[in-house]
Amino acid sequence: MGLLSLMGRDCPEAVSFLGVGEDPVPRASDYVEVDEGVLGLRLSELMDRGEASWQARAEHWSLGGGFQPKIALACFDGRWYSCEGDAATTHILKPGIKGRAFQSLVEHVTMRACALMGVEVANTEYLDGLGAVCIERFDRVVRRPFDVVRIHQEDFCQACGILPENKYTENRGPVAPDIAAAIDRFIDDPDTDKKAFFLMVVANHLLGAPDGHAKNFSLLEYPDGGVRLAPMYDCASGLPYDGPRDRRVAMGIGGVSAVGRLGIGAVTRMAKACDLNGDWCVAKVSDLSKGLPDAVATALNEVSGVSGAEELRIRLLDPVAFVCEATLARLR
Ligand SMILES: Nc1ncnc2c1ncn2[C@@H]1O[C@H](COP(=O)(O)OP(=O)(O)OP(=O)(O)O)[C@@H](O)[C@H]1O
Ligand SMILES: [Mg+2]
């Protein structure tokens, strides 16, 4: 608990761990401006050490997950701030995974392509100078610079009462219909959000993004009591590294998790298990399969000139087109 009171003052969600009798004291002066040079040093040190996260001395933020290196900061009007005291972070920076070339750029391009296709995703930007993807926190509302409201967030392991070590389906973690059932149970407008969730899972599949486990989908609980599905986050294609063959996604669709093997039977099974309209689901898988290759190309065009973008054009576009074509063939 002592450790939490030091490192858990700004968590993913609206929870702050404080010492006994302590109240949070948000102060504008706890936002300490950092220049890009310092930020660059922090990120490259993080990558070199291969550690999951690294707080600066007076920071108290903490993020779940852990596989990817990351730091949390605040950004107001284009300036970066380290969050000390009880200051709330607003953005996450990830420099990528050591040994996986341009992985942070892959995360940005994957998320951006999804956004272009109408999948609800967290806003991202690629910062070429820092070689990092910058992700806007959806559990923070910036009322004005230095005045940030925390929105409560709960991932689907928490919502389904499953321990984090069981986050993958293969470790007895929640399957897509379990998440659909939790959406039915907790969310105000379940049909809209089950459809949004369906698009997220299909996009993960078509883009060969392997890590869409139950902790990578969340609920947002607003101060007025409203509950909604959070936008998608932590979605990055694995296709530039291994290609589509023998690749699997974390969350299967109608029992199919092998990339490129999605077909009408699996989609119809998933629709039934999630109580969604089967024809709507098939039409959406078809739309995404037709549109995603162009969306990836557009996302890459937006970052043309950035180091790695040309290499990714070769390593990402063809495999995505291959998976989408295979899916379209199996839908017929
Ligand atoms: N845009 C965002 N807004 C709010 N919270 C976020 C956002 N992105 C990530 N998080 C929170 O931070 C946690 C860790 O981030 P992320 O999932 O990107 O990292 P990770 O190390 O790749 O996780 P893992 O490998 O365990 O899936 C998430 O589980 C989520 O709770
Ligand atoms: Mg994650």
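How many cavities of 30 Å³ or more does the count come to by this rule? The count comes to one, where a cavity is a set of points, on a 1 Å grid over the protein atoms alone, at which a 1.4 Å probe fits but cannot get out.

## Basis of the model

This is a predicted model, in which local features need pLDDT of at least 70 and side-chain atom pairs count only at pLDDT 80 or more, while totals for chains, interfaces and linings use all residues. Residues are numbered from 1 along each chain as its sequence is written, and side-chain values use heavy atoms, with hydrogens and water left out.

## The cavity

The largest cavity has a volume of about 40 Å³, a volume being the space filled by probe spheres set on the grid points. Its lining (residues with an atom within 4 Å of a point) consists of V201, N204, H205, A209, G212, F217, V249, A250 and M251. Two or more lining residues come from each of α6 (190–206) and β12 (248–253). By class, the lining holds six nonpolar, three polar and no charged residues, with Gly counted as polar.

## The nonpolar cores

A nonpolar core joins buried nonpolar residues (Ala, Val, Leu, Ile, Met, Phe, Trp, Tyr and Cys) through side-chain atoms within 4.5 Å, buried meaning under 20% relative accessible area with a 1.4 Å probe. The largest such core has 79 residues, and V119, F156, F197, F198 and V296 have the most contacts inside it. Helix α9 (residues 278–302) gives the most to this core, with 10 residues, and the core draws at least three residues from each of domain 1 (2–147) and domain 2 (151–331).

Leaving aside neighbours within four places in sequence, V119 is in contact (heavy atoms within 4.5 Å) with C114, L199, M200, A203, M232 and L288. A second, separate core of 15 residues includes A72, C75, L130 and C134.

How values were computed. Chains lettered and ligands numbered in written order. 1 Å grid on protein atoms, 1.4 Å probe; cavity = no way out; pocket = protein on both sides within 12 Å on 5 of 7 lines; lining within 4 Å. Helix = DSSP H or I, 4+ residues; strand = E, 2+ residues; numbered from the N terminus. Buried < 20%, exposed > 50% of the residue type's maximum accessible area, 1.4 Å probe, protein only. Domains from an automatic or database assignment.
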